[in-house]
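Here's a quick briefing to read with the model open beside you. Have a look around first, then work through the points below.

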Amino acid sequence: MKNFFNKTGIWILAAAVVIVLTLSILSATGTGLLNNVAGTIASPFRSAGAAIGNWFGSISDKFDSVEALQKENEELRKRVAQLEDANRQAETDSQENERLRSLLNLRQQRRDFTFESAKVTQYENSNWASTLTLNRGTNSGVAVNNCVVNETGALVGVVTEVGVNWCTVATVLDTQAQFGATVFRTGESAVAMGDLELMQSGKLKLSYLSGANTPVGGDMVLTSGLGGYYPSGLVIGTVEDVRTDDSGLTQYAVVQPTVIPSSLVEVFIITAFDIVD
Amino acid sequence: MGRRDFVFKWLFYALTALAFVLVQVFGLVHIRIWGVHPFLFPVLVSTVAALESAHESAVFALVTGAVLDVTMPGVIPCFYTVAFLVVFLVARVLSAKVLSQPFFCCMLCGALSIVCTDLLQMLFLNSSVSFSFRSALLLTGKELLLTLPLMPLIYLPDYRIRRIFHQE
């Protein structure tokens, strides 16, 4: 090792310093030039790799037993019947709501979203974060802080980095992700955030609960849309448990997210939204 | 060793590393046990560092780190470059001063490379996010346990490359 530092080793360390500085400077303002170029070149390869992976996944799906599928089908039929019933009730409520709004001269409710469909091309390699790479970027109108949802409209995460034909999404489980949230039943506002410990079990944390209306298991958690940054009403997940933090002073809820990031294949990026509640 | 052999040796090392990167990216990330998946990247660098000369493996560590940094998001922009340099230094010290038997040396270097990378993750993550060190250490332990059985799979092809080119 002494020999190493005496000879060319010092040049190698100097090269390391140059690389570190270059990467840091280039990424100081949003997505770095190098990352953008590398991501743009790698994007078709990622797509190809993801397609092959999905093909292998679809092969294993074919081995599901007929009995299991029949049972699942039966359960889904029951669920469809329940939802149809709930939908009929919701339509009546909606009409009533419309009438009352016009009586009170309130603006009509509106939820307009512009979606951009995207395929997941890469999942997070490290166990310390939960991110996805998608095959859409600035050339499809994607920007940092755009929300990403699945086919049912449940929140997947938020775009954190964007290149020409790719973008990185921090999922709701990621420790860097934070969303203004509201508990649907009580209307209580809180903050949904990723937590390193809960991330390993595929869950997230609902913090800053006031304590007045403690959520209970099964309560639905939605985005609050406070501040206008993210759209309101996107389903984050359901409360599983309410715990007291290490200090013993405040409570937080453990939320089971509706989406399982590691199983996503296709998602939808909300590139623009206009909501009137 | 001739120039041609030198080029071929590092081409084989690079291809082996690429194969394991693809296994990690498209395969291992889907295999979650205790909510964690095996993590091979640091082991790729530590194994080569333990088997090859200091100068050559330093360049390998640097190039691998830089390539991963520009293609995969890390906790900081130059995370893998920094982490792999630390992994390289640890592996070199161990292989030169502590263990000379290649297999056990590579296994020990691999295990320490995971620990070093995760400690750096904690260090950099701590500046932006609050988390409990207990859960972070637990994650490191799980990651280590899951990656340990896969380390011989990296060692075997790398050791074979070394033997082929150093015997000639």
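This is a predicted model: local features need pLDDT of at least 70, side-chain atom pairs count only at pLDDT 80 or more; totals for chains, interfaces and linings use all residues.

Residues are numbered from 1 along each chain as its sequence is written, and chains are lettered from A and ligands numbered from 1 in the order in which they are written. Helices (H or I, at least four residues) and strands (E, at least two) are DSSP runs, numbered from the N terminus.

**Where the chains meet**

- Chain B puts 41 residues into the contact, and chain A puts in 38 residues. Two residues are in contact here if their C-beta atoms, placed from the backbone, lie within 7 Å.
- On the side of chain B that touches chain A, at least two residues each come from helix H1 (3–26), helix H3 (54–71), helix H4 (79–98), helix H5 (102–126) and helix H6 (133–147) of chain B.
- H3(B) gives the largest share of that side, with nine residues.
- Sorted by class, that side of chain B has 26 nonpolar, 11 polar and four charged residues. Ala, Val, Leu, Ile, Met, Phe, Trp, Tyr, Cys and Pro count as nonpolar, Asp, Glu, Lys and Arg as charged, and the others, Gly among them, as polar.

**H3(B) on its own**

- H3(B) is mostly covered, with 13 of its 18 residues buried. A residue is buried if 20 or more other C-beta atoms lie within 10 Å of its own, exposed if 12 or fewer, and partly exposed in between, with C-beta atoms placed from the backbone.
- How far should the 18 residues of H3(B) span at 1.5 Å a residue? They should span 26 Å, and the end C-alpha atoms are 26 Å apart, which agrees. The expected span is 1.5 Å times one less than the number of residues.

- Two packed helices are described by the angle between their axes and the distance between the axes. Axes are lines fitted to C-alpha atoms, for helices over the stretch in contact, and angles run from 0 to 180 degrees between N-to-C directions.
- H3(B) and H4(B) pack with their axes 7 Å apart, at an angle of about 155°. That makes H3(B) roughly antiparallel to H4(B). Angles under 35 degrees count as roughly parallel, over 145 as roughly antiparallel, 65 to 115 as roughly perpendicular and the rest as oblique.
- The crossing of H3(B) past H4(B) is right-handed. A crossing is left-handed if the near helix is turned anticlockwise from the far one by less than a right angle, and right-handed if clockwise.
- Among the residues making the H3(B)–H4(B) contact are Ala61(B) and Gly65(B) of H3(B) and Phe84(B) and Phe88(B) of H4(B). By class, this contact has 13 nonpolar, four polar and two charged residues.
- The axes of H2(B) and H3(B) come within 9 Å and cross at roughly 165°, so H2(B) is roughly antiparallel to H3(B). H2(B) passes H3(B) in a right-handed crossing too.
- In that pair, Phe41(B), Leu44(B), Val45(B), Val48(B) and Ala49(B) of H2(B) meet Ser57(B), Phe60(B), Ala61(B), Thr64(B) and Leu68(B) of H3(B). The contact holds eight nonpolar, two polar and no charged residues.
- Helix H2 (residues 41–51) of chain B and H4(B) have axes that come within 8 Å and cross at roughly 35°, and the crossing is right-handed. Residues making this contact include Pro42(B) and Ala50(B) of H2(B) and Ala91(B) and Leu94(B) of H4(B).

**Leu94(B)**

- Leu94(B) is found in helix H4 of chain B and counts as partly exposed, with 18 C-beta neighbours inside 10 Å.
- Leaving aside neighbours within four places in sequence, Leu94(B) is in contact with Ala50(B), Leu99(B), Cys105(B), Leu108(B) and Cys109(B).
- The C-alpha atoms of Leu94(B) and Cys109(B) are separated by 7.1 Å, and the two residues are 15 residues apart along the chain.

- Most residues other than glycine have a negative phi.
- Asn145(A) has a positive phi of about 80°. Asn145(A) lies in the loop between strand E2 (131–134) and strand E3 (147–149) of chain A, and counts as exposed, with 10 C-beta neighbours inside 10 Å.
- Trp34(B) has a positive phi of about 55°. Trp34(B) is in the loop between H1 and H2 of chain B, and is partly exposed, with 14 other C-beta atoms within 10 Å.
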